[in-house]
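Morning, everyone. I have one structure to go through today, and I will take it piece by piece. Please have a look at it before I start.

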Amino acid sequence: MKKIFATIVVCAITSFAFAQNAVNFTIDSEGEFHVPNSEKDYYVFSFPGKSAAQLYTMALKAANRVFNGTDDEVKKVPNQMITITSSFENMKYSPLGDSKRKLFYVFDIDFKAGKIRVGAPRIPKIYNTNPVIGDDNTEYPFSYIRIGNTEKMNTWFVPMNKAINKMLSIMSNKTDDNW
């Protein structure tokens with residue numbers, strides 16, 4: 001009876017954690033993502049009783065549901081790692097005036113028995129998609145938009161954290177309604 005109760009409590013806590021914002025990477029003034037108030041650049045989530053292969057399959061299904069846009073790419077190392085590339089738009093700051101940006105990010109998910117590790121995103125490229133200055137679709141380094149105001153910059157990355165959390169939420173959902 002105690003084992004059943006403990007299992008129910010673990011499942012409830014895991015579901016609650018994923019219903020909340022389980023991942024909330026923040027950026028520092030150097031452009032590196034971290035767990036808030038920590039030097040860690042990853043989150044670890046427990047899935048008791050699941051093998052690495054089962055977790056890999058769950059994550060791959062969830063990733064394909066969430067990251068299915070034209071800019072999205074899911075690379076796989078079977079049963080070990082998934083690397084996801086995605087993007088979002090509407091970053092609206094430039095030292096010379098407001099402008100739209102399309103920001104690409106990449107993150108890894110690693111698997112071992114009973115656990116997954118979600119690594120901090122990296123920003124390989126940024127495009128100017130509605131230019132005030134420069135040509136349309138001009139690629140800029142990340143340093144181009146760094147302004148030192150990390151609080152403002154972190155609001156720009158909300159879509160990235162939401163997408164990762166949506167994938168984790170799908171993984172924690174015990175029912176599969178994807179027909």
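First a term: two strands count as paired if DSSP finds at least two bridges between them. With that in hand, look at strands E4 and E5, which form a hairpin with three residues between them. One note before I go on: this is a predicted model.

E4 covers residues 73-77, and five bridges join it to E5 in an antiparallel arrangement. Two of the facing positions can be named. Valine 77 stands opposite methionine 81 of E5, and lysine 76 has isoleucine 82 of E5 as its bridge partner.

In the loop between E4 and E5 you will find asparagine 79. Its phi is near 65°, which is a positive value in a residue other than glycine. Is asparagine 79 buried, exposed or partly exposed? Its relative accessibility is 37%, so asparagine 79 counts as partly exposed.

You can find asparagine 37 in the loop between strand E2, residues 33-34, and strand E3, residues 42-46. Asparagine 37 counts as exposed because its relative accessibility is 85%, and the cut-off for exposed is over 50%.

Now step back to the whole chain. It has four helices and nine strands. Reading from the N terminus, the order is α-β-β-β-α-β-β-β-β-β-β-α-α. Of the 179 residues in the protein chain, 39% are buried. The accessible surface of the chain comes to about 10,500 Å², and carbon and sulfur atoms hold 52% of that. As for contacts, take those in the chain with a separation of 6 or more: residues 24 or more positions apart account for 53% of them.

Which strand does E5 join through nine bridges? That is strand E6, residues 100-112, and E5 and E6 run antiparallel. Why is E5 described as largely enclosed by the rest of the structure? Because seven of the nine residues of E5, which spans residues 81-89, are buried.

Strand E6 also contains phenylalanine 104. At 8% relative accessibility, phenylalanine 104 counts as buried, since the cut-off for buried is under 20%. Setting aside neighbours within four places in sequence, the contacts of phenylalanine 104 include Ser86, Ser87, Arg122, Ile123 and Tyr127. Between phenylalanine 104 and methionine 160 there are 9.5 Å, C-alpha to C-alpha, and these two residues are 56 residues apart along the chain.

Next, E3 and E7. These strands pair in the antiparallel sense over five bridges. Tyrosine 43, for one, has valine 118 of E7 as its bridge partner. E3 has two faces: Tyr43 and Phe45 are on the covered one, while Tyr42, Val44 and Ser46 are on the uncovered one.

On the E7 side, which covers residues 115-119, look for arginine 117. Arginine 117 has a relative accessibility of 31%, so it counts as partly exposed. How far apart in space are the C-alpha atoms of arginine 117 and phenylalanine 45? They are 6.5 Å apart, with 72 residues of separation in sequence. Neighbours within four places aside, arginine 117 is in contact with residues including Asp41, Tyr42, Tyr43 and Val44, and also with Asp108, Ile109 and Asp110.

Last, the helices. Two packed helices are described by the angle between their axes and the distance between the axes. Helix H2, residues 52-66, and helix H4, residues 158-172, pack at an angle of about 130°, with 9 Å between their axes. That angle is why H2 is called oblique to H4. The H2 and H4 crossing is right-handed. On the H2 side, the residues making the contact include Leu55, Met58, Ala59 and Ala62. On the H4 side they include Ala163, Met167, Ile170 and Met171.

That is what I had on this one.

Methods. Residues are numbered from 1 along each chain as its sequence is written. This is a predicted model: local features need pLDDT of at least 70, side-chain atom pairs count only at pLDDT 80 or more; totals for chains, interfaces and linings use all residues. Side-chain values use heavy atoms; hydrogens and water are left out. Buried means under 20% relative accessible area, exposed over 50%, partly exposed in between (1.4 Å probe, protein chains only). Contact means heavy atoms within 4.5 Å. Accessible areas come from the Shrake-Rupley method with a 1.4 Å probe; for residues, only the protein chains shown count as cover. Axes are lines fitted to C-alpha atoms, for helices over the stretch in contact, and angles run from 0 to 180 degrees between N-to-C directions. Angles under 35 degrees count as roughly parallel, over 145 as roughly antiparallel, 65 to 115 as roughly perpendicular and the rest as oblique. A crossing is left-handed if the near helix is turned anticlockwise from the far one by less than a right angle, and right-handed if clockwise.
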